[in-house]
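This report describes one protein model through its pocket, one of its helices, its salt bridges and a loop residue. Please read it beside the sequence and the structure shown here.

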Amino acid sequence: MQLIWNHTALGSRRRRMEKAQKYVDRACLEKMTPYVPVGRPSYRNAGKLRDSGRIESPGRIVYTAPFARDDYYAVKNHKPPHGGNPQGTRLWFEVMKQKHSTEIGREAAKVMGAMYR
């Protein structure tokens with residue numbers, strides 16, 4: 001028995017995995033947005049946290065607003081009248097995962113193609 005290594009298949013699989021990772025990153029960023037707290041319009045930095053999310057590298061989403069970490073972990077009321085977003089909450093990534101992980105995983109599998117059916 002002889003094992004033959006197909007280098008073309010490896011490259012194809014790597015490209016599909018990269019494409020799926022890009023999809024997951026974009027989908028997570030998009031689906032997190034409704035849960036990111038927003039300050040009232042009267043606040044000087046209202047909306048800056050929500051707009052500061054970016055994909056730093058594959059699998060790594062960073063909110064660059066200076067107060068993002070505090071708001072993510074803070075045990076405070078993010079809902080109106082204390083904040084400007086009725087769905088805003090702490091640990092918004094975890095909330096998004098609970099509500100959308102199955103959907104994101106299913107779509108990522110479609111992006112991967114026939115490899116994981």
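## The largest pocket

On a 1 Å grid over the protein atoms alone, a pocket is an open set of points where a 1.4 Å probe fits, with protein on both sides within 12 Å along at least five of seven lines, and a lining residue has an atom within 4 Å of a point. Grid points are joined across faces, edges and corners, and a volume is the space filled by probe spheres set on the points. The model is predicted: local features need pLDDT of at least 70 and side-chain atom pairs count only at pLDDT 80 or more, whereas totals for chains, interfaces and linings use all residues. Residues are numbered from 1 along each chain as its sequence is written, and side-chain values use heavy atoms, with hydrogens and water left out.

The largest pocket holds about 420 Å³ of space. Its lining consists of 17 residues, and those nearest the centre are Ile 61, Val 62, Tyr 63, Tyr 72 and Phe 93. Helices and strands are DSSP runs numbered from the N terminus (helices H or I, at least four residues; strands E, at least two). At least two lining residues come from each of α1, β2, α3 (68-73) and α4, and α1 gives the largest share, with five.

## Helix α1

Helix α1 spans residues 7-32, 26 residues in total, and its first and last C-alpha atoms are 37 Å apart, close to the 38 Å expected at 1.5 Å a residue. The expected span is 1.5 Å times one less than the number of residues.

A residue is buried under 20% relative accessible area, exposed over 50% and partly exposed in between (1.4 Å probe, protein chains only). The buried residues of α1 include Gly 11, Ala 20, Asp 25 and Lys 31. The buried residues of this helix pack against β1 (53-57), β2 (60-63) and α4 (92-112), where contact means heavy atoms within 4.5 Å.

## Salt bridges

There are five salt bridges in the structure, each a side-chain nitrogen of Lys or Arg within 4 Å of a carboxyl oxygen of Asp or Glu. In one of them, the closest N and O atoms of Lys 31 and Glu 103 are 3.1 Å apart. Because Lys 31 lies in helix α1 and Glu 103 in helix α4, this pair ties together parts 72 residues apart in sequence. Lys 31 is buried at 17% relative accessibility, while Glu 103 is partly exposed at 33%.

Lys 110 pairs with Glu 107 at 3.4 Å between the closest N and O atoms. Both residues lie in helix α4, three residues apart, about one turn of the helix. Lys 110 is exposed at 57% relative accessibility, and Glu 107 is partly exposed at 30%. Elsewhere, salt bridges that share partners join Arg 54, Glu 56 and Arg 60 into one network.

Pro 37 lies in the loop between α1 and α2 (48-51). This proline is buried, with a relative accessible area of 5%. The C-alpha atoms of Pro 37 and Gly 84 are separated by 7.1 Å, although the two residues are 47 residues apart along the chain.
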